[in-house]
Structures are given as C-alpha cells and as structure tokens.
Amino acid sequence: MKLLRRDTIPRLAVFLAALFFSCGAASGQMPSVPQSPPASGDIPVPQEIEALVRARKSVEKFFEQAANVVCTENVTQAMVGKNGKADYREESVFDYQLQANANTGSLKLVESRDTRKAAFRDSARTLLITNGFTSMLLIIHPSYETSYTFEPGGEETVDGLTFAKINFKFVPGASSPAALQLRSHNYPIPLSGAIWIEKQSGAVAKLVATMDSGLSDLGLRGMRSEIHYATVHFHDPDESYWMPVSAIIDVETPRQHWRNIHRFTGYKRFRATIQVEDVETKR
C-alpha cells in the first residue's frame with residue numbers, strides 16, 4: 001500500500017507502506033497458522049473465528065489468482081472540502097495487474113499499471129497517489145498473524161447473504177504491513193478495523209481499516225480505507241475468482257483532506273498456449 005502526496009515542494013512528499021510489497025520481510029519467519037479451528041472441548045468456537053480460519057486459507061489463493069488476470073482500473077483523485085464534498089478531482093484510467101511472487105519464501109507484491117487515459121494535471125493542486133490498497137488482505141495473511149488481535153463482531157446480512165464480521169486491532173510494537181515513509185524513514189501505521197467474511201467459502205467481501213492514532217507530527221492526522229471484493233466469473237474453462245472491485249481511501253493532514261476512489265472492472269484471464277514443434281521434420 002502506498003500513498004504519495006504531490007506538493008509544490010517536493011521535500012514534503014509523503015508516501016505510505018513500501019512494506020506492503022514485501023510481505024514477510026518485516027516479520028522474519030512466518031508464524032504457523034492453524035489449518036482448522038483449535039480444539040475447544042466443551043467451549044464452542046464462534047462461527048466468526050471459523051470463518052477467519054477459512055479466510056486465512058483463501059487469502060494465499062487470492063494472490064495466486066490475482067497474478068492470472070488483468071483489468072481496467074478507474075482512479076478518481078479528489079480534494080475534499082469542509083462540507084465533505086469534492087472541491088476538485090482528476091480522473092485516470094489504467095490497465096492494471098497485481099503481480100505476486102512467492103518463490104523466494106516471502107510474498108512479493110508489485111502493481112503494474114499502463115496508462116489508458118492520463119488525467120489533466122493542475123500543478124497548483126496538491127493530490128494524493130494511492131497504490132497497493134487492494135492488497136490490504138495482508139492483514140489476515142499468515143505473515144502478519146501475530147501483528148493483530150481478532151475478535152468476533154457478530155453477523156450481518158446483506159442482499160440475502162450472511163457474513164461473519166471480524167474486528168481486528170494492531171498489537172503495539174508488532175510488525176505492520178503499512179508504514180509511513182518520510183525522507184527515507186519508515187514509521188509503522190497502527191491499523192484497526194473490521195473484515196466481513198462469507199462464512200462458507202472464507203471469501204472476504206469487505207475490509208475497513210482506520211489509523212488507530214494520529215501521526216500529526218509527521219503530517220498525517222487520519223486515514224480510512226474501505227475495500228470491496230466480489231466474485232468474478234470466467235468461461236472456457238469455467239472458473240470463479242475472488243477479486244477487488246473498489247477501494248475508497250480518505251487521508252487527512254492538518255490542512256488537507258483527500259479522497260481517492262479506485263474501481264476495478266473488465267477482468268480478463270490470461271490463457272497460456274504451449275506449442276511443441278519438431279524442428280528436424282521442418283528442415
């Protein structure tokens with residue numbers, strides 16, 4: 001996850017979370033994750049916790065599937081006024097892919113963007129560039145299992161579907177997948193929030209994260225992100241992938257309030273074809 005503020009003074013640029021792209025590097029050895037809910041004797045395991053265990057299994061599959069697809073990303077960058085409405089906005093369109101590589105033992109995430117439609121840039125405006133928020137699922141990735149505490153938050157029904165809600169809170173002093181990087185220094189950002197999980201499949205439908213405490217001395221007073229995921233269906237062969245569909249990020253400093261909205265549409269799956277030729281026969 002990355003935030004980049006474009007100011008008229010380059011030295012004031014603030015960007016967030018280079019750590020999001022090297023999952024596991026900050027935490028050393030990957031902690032073990034239970035493959036099933038722990039034995040509880042006569043004490044029943046809350047259904048929300050069972051859903052969280054399924055989500056832990058699903059999140060690694062998510063990153064594998066994400067590397068197999070491309071999509072269209074529409075980005076709206078806005079400056080928000082005191083009335084909560086956008087005073088100024090810019091629109092961009094990209095060909096987007098999230099690339100994941102776990103061959104080195106730690107998960108490496110890189111976002112690839114090719115510009116389809118560049119936004120008009122007003123050099124007098126201060127805008128925010130936000131990247132990596134589709135990967136907020138790292139909060140429940142095994143590499144950061146010990147960085148958060150998780151508690152059942154009940155159940156919620158939306159459009160006829162029932163979701164298990166899990167509340168999470170950052171453990172002080174733990175490794176964080178999000179950090180504020182200012183002038184080559186990293187400052188971990190404590191994030192707390194909630195995750196809505198489809199009970200049977202373990203698929204995450206929504207994730208909301210907010211900053212626990214302000215970092216006003218570093219120029220960051222508040223941050224809130226809300227990411228929605230949905231099932232994307234493919235044909236020939238028939239497959240269903242669990243992919244992000246939107247991300248809304250609000251960031252505030254003592255003087256500014258930005259809101260960026262990312263929308264992901266038009267998912268296309270890669271198809272690899274292997275052709276073997278007999279070179280000797282063709283001579």
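View 1. Phe 62 and Trp 242 are both buried (under 20% relative accessible area; exposed is over 50% and partly exposed lies in between, with a 1.4 Å probe and protein chains only). The model is predicted, so that local features need pLDDT of at least 70 and side-chain atom pairs count only at pLDDT 80 or more, while totals for chains, interfaces and linings use all residues. Residues are numbered from 1 along each chain as its sequence is written, and side-chain values use heavy atoms, with hydrogens and water left out. The structure holds nine aromatic pairs (rings of Phe, Tyr and Trp, the last by its six-membered ring, with centres within 6.5 Å; planes under 30 degrees apart are stacked, over 60 edge-to-face, the rest tilted). Among them is the tilted pair of Phe 62 and Trp 242, with 5.5 Å from centre to centre and 55° between the planes. This pair links distant parts of the chain, 180 residues apart: Phe 62 is in helix 1 (residues 47-66) and Trp 242 in strand 15 (residues 239-252). Helices (H or I, at least four residues) and strands (E, at least two) are DSSP runs numbered from the N terminus. Phe 62 and Trp 242 belong to one aromatic cluster with Phe 63 and Tyr 229.

**View 2. The largest cavity.** Three cavities of 30 Å³ or more are present in the structure, and the largest holds about 70 Å³ of space. A cavity is a set of points on a 1 Å grid over the protein atoms alone where a 1.4 Å probe fits but cannot get out; lining residues have an atom within 4 Å of a point. Grid points are joined across faces, edges and corners, and the volume is the space filled by probe spheres set on the points. The lining of the largest cavity includes Phe 62, Cys 71, Tyr 96, Gln 97, Met 243 and Tyr 267. Two or more lining residues come from each of helix 1, strand 4 (69-80), strand 5 (86-101) and strand 15. By class, this lining has 10 nonpolar residues, one polar and no charged (Ala, Val, Leu, Ile, Met, Phe, Trp, Tyr, Cys and Pro count as nonpolar, Asp, Glu, Lys and Arg as charged, the others, Gly among them, as polar).

**View 3. The salt bridge of Glu 73 and Arg 113.** The whole structure has 11 salt bridges (a side-chain nitrogen of Lys or Arg within 4 Å of a carboxyl oxygen of Asp or Glu). In one of these, the closest N and O atoms of Glu 73 and Arg 113 are 2.6 Å apart. Glu 73 lies in strand 4 and Arg 113 in strand 6 (residues 107-117), so the pair ties together parts 40 residues apart in sequence. Glu 73 is buried at 0% relative accessible area, whereas Arg 113 is partly exposed at 25%. A network of salt bridges links Glu 73, Glu 111 and Arg 113.

**View 4. The salt bridge of Lys 199 and Glu 155.** The side chains of Lys 199 and Glu 155 meet at 2.7 Å, N to O, in a salt bridge. Lys 199 is in the loop between strand 12 (191-198) and strand 13 (204-211), and Glu 155 is in strand 8 (residues 148-158), 44 residues apart. Lys 199 counts as buried at 18% relative accessibility; Glu 155 is partly exposed at 43%.

**View 5. Arginine charges over rings.** The charged end of Arg 56 sits over the ring of Phe 150, 5.1 Å from its centre (NZ of Lys or CZ of Arg within 6 Å of the ring centre and within 35 degrees of the ring normal). The charged end of Arg 125 sits over the ring of Tyr 88, 4.3 Å from the ring centre.

Definitions and conventions:
1 Å grid on protein atoms, 1.4 Å probe; cavity = no way out; pocket = protein on both sides within 12 Å on 5 of 7 lines; lining within 4 Å.
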